[in-house]
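The entries follow in the order I made them.

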Amino acid sequence: MMVSQIANRQTFFGRGSLNKLVPLLSEDPQPTLLFCANSFLQGEAWQKLKAELEPLSIGIEVVRHEASPEEIDGWVARWRDRAARVVAIGGGSVLDAAKAFAAVSQHPLNTLRYLEKVGDTPISGNTLPVIAVPTTAGTGSEATQNAVVTDKADIKVKASLRHANFVPHVAILDPDLLRGAPDRVLACCAIDAFTHLFEAYLSAKGNLFSRHAALSGLRAFLSAWPYLNDPGEQGDLAREQMMIASWQGGLSLSMAGLGVIHGIAGELGAIKDYHHGEVCGRLLLPFLQLLNDSDNAQQQKLMDELAVALFPGFTLPPARMLASWLQDKAITPFWQDPPPLTQAEAEWILARANSKNALIEYSEAQQRFMLEQAFHIA
């Protein structure tokens with residue numbers, strides 16, 4: 001199996017690297033539209049940048065949730081032929097919204113026409129250049145070629161606009177932007193990064209190259225997971241490592257794809273507002289139960305190799321070891337108090353879920369088990 005890696009043209013990494021943004025924009029002046037999260041605009045980093053950054057932009061769009069096709073079309077109507085560059089500062093929803101706008105603004109039809117699953121028109125690689133500045137460590141959107149779009153109102157779909165050119169030209173990875181985030185946000189975003197890495201590692205589309213990248217990210221994740229909320233030096237190092245893990249998760253999923261966890265989570269995300277990372281984390285634990293019981297030789301071999309690399313001297317079976325460690329070392333028990341799904345919602349999700357690029361095709365009964373273990377269905 002051959003894989004290819006598509007990455008940013010420039011990646012700036014390190015504490016304080018957000019300070020690189022203003023010089024980057026000043027060196028190449030052009031009409032720049034900002035996409036930001038409210039949390040960033042209300043924070044200390046924006047207050048320090050505001051006086052220099054605002055004059056370099058033509059406007060700010062605030063992204064409050066996963067962008068819908070209608071919102072993207074609205075931004076395009078406002079800014080088409082006005083913006084020549086896009087800067088996205090925020091979590092995955094902000095980055096995806098900016099990438100979607102940058103692409104659709106260079107195409108004549110509305111967003112739905114190009115969207116995977118429901119669109120009828122191939123999307124070209126035409127896009128405005130994007131500078132991505134993640135303020136969370138989870139989605140890895142700053143390194144991926146897809147822009148996720150969600151319509152919960154009408155057609156109920158969560159899908160991507162996808163092209164290699166949609167990888168942001170520049171990524172600025174500043175771990176200091178994670179400081180002070182709530183424990184639950186840190187943990188749920190981080191477990192999303194883990195799931196990207198883990199599913200890419202186990203992907204049927206993967207090979208030695210993609211698994212090496214995923215394993216590197218998993219090592220970074222393990223060193224960071226217990227200390228994400230530490231206010232001191234140990235926490236600073238952990239947030240650096242998690243920012244790396246998230247970026248490598250984006251690279252890994254772009255190379256090898258994802259598995260059944262995202263095959264379920266993507267459909268659930270089309271009808272519920274639950275945090276995507278939390279959904280993945282909740283589904284991960286029952287998936288590890290299935291993995292522990294798997295008789296697939298390739299899965300067993302990969303898990304044995306993973307355990308040797310990550311848990312030298314491990315005594316439990318690899319999947320059980322991993323599940324136990326994730327829960328023991330978590331900064332918050334994100335898997336407790338399962339949120340509700342109605343029986344009708346569960347059936348809707350299961351009718352559309354799939355195994356994506358998993359090594360085996362998970363049955364409806366196995367997917368139901370994962371969903372029932374992760375959520376309160378009544």
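**Entry 1: a strand pair**

In which sense do strand S6 (residues 146-151) and S7 pair, and over how many bridges? I found the antiparallel sense, with six bridges between S6 and S7. A reminder to myself before going on: this is a predicted model.

Next I looked for a facing pair along these strands, and I noted Val149 opposite Ala159 in S7. The two strands form a hairpin, and five residues sit between them.

Is strand S7 enclosed or open to the outside? I counted S7 as largely enclosed by the rest of the structure, because five of its six residues (157-162) are buried.

I placed Asp337 in the loop between helix H13 (318-329) and strand S9 (340-341). Asp337 has 68% relative accessibility, so I put it down as exposed, the cut-off being over 50%.

**Entry 2: Ser57**

Where is Ser57 found? I located it in the loop between helix H3 (44-53) and strand S3 (59-62).

I then asked what surrounds it. A polar atom of the Ser57 side chain lies 3.0 Å from the backbone oxygen of Glu54. Leaving out residues up to four places away in sequence, I found that Ser57 touches Thr32 and Leu34.

**Entry 3: the second largest pocket**

I read a volume of about 190 Å³ for the second largest pocket. Which helices each supply at least two residues of its lining? They are helix H8 (208-224) and helix H12 (297-310). H12 gives the largest share of the lining, six residues.

Among the lining residues I jotted down Tyr201, Arg211, His212, Lys301 and Glu305. Sorted by class, the lining of this pocket has six nonpolar, three polar and three charged residues.

**Entry 4: cavities**

How many cavities of 30 Å³ or more does the structure hold? I found three.

The largest cavity has a volume of about 50 Å³. Its lining includes Glu199, Phe287, Gln299 and Tyr362. By class, I noted six nonpolar, two polar and one charged residues around the largest cavity.

The second largest cavity holds about 40 Å³ of space. Including Lys99, Pro129, Phe166 and His169, its lining also takes in Asn165 and Thr127. Here I wrote down six nonpolar, three polar and one charged residues.

If you follow along in the viewer, I would begin with the S6 and S7 hairpin and Lys156 in its turn. After that, I would turn to the second largest pocket and the six residues that H12 brings to its lining.

Definitions and conventions
Residues are numbered from 1 along each chain as its sequence is written. This is a predicted model: local features need pLDDT of at least 70, side-chain atom pairs count only at pLDDT 80 or more; totals for chains, interfaces and linings use all residues. Side-chain values use heavy atoms; hydrogens and water are left out. On a 1 Å grid over the protein atoms alone, a cavity is a set of points where a 1.4 Å probe fits but cannot get out, and a pocket is an open set with protein on both sides within 12 Å along at least five of seven lines; lining residues have an atom within 4 Å of a point. Grid points are joined across faces, edges and corners, and a volume is the space filled by probe spheres set on the points. Helices (H or I, at least four residues) and strands (E, at least two) are DSSP runs, numbered from the N terminus. Ala, Val, Leu, Ile, Met, Phe, Trp, Tyr, Cys and Pro count as nonpolar, Asp, Glu, Lys and Arg as charged, and the others, Gly among them, as polar. A polar contact is a pair of N or O atoms within 3.5 Å; within protein, one must be able to donate a hydrogen and the other to accept it, and residues adjacent in sequence count only if both atoms are side-chain atoms. Contact means heavy atoms within 4.5 Å. Buried means under 20% relative accessible area, exposed over 50%, partly exposed in between (1.4 Å probe, protein chains only). Two strands pair if DSSP finds at least two bridges between them.
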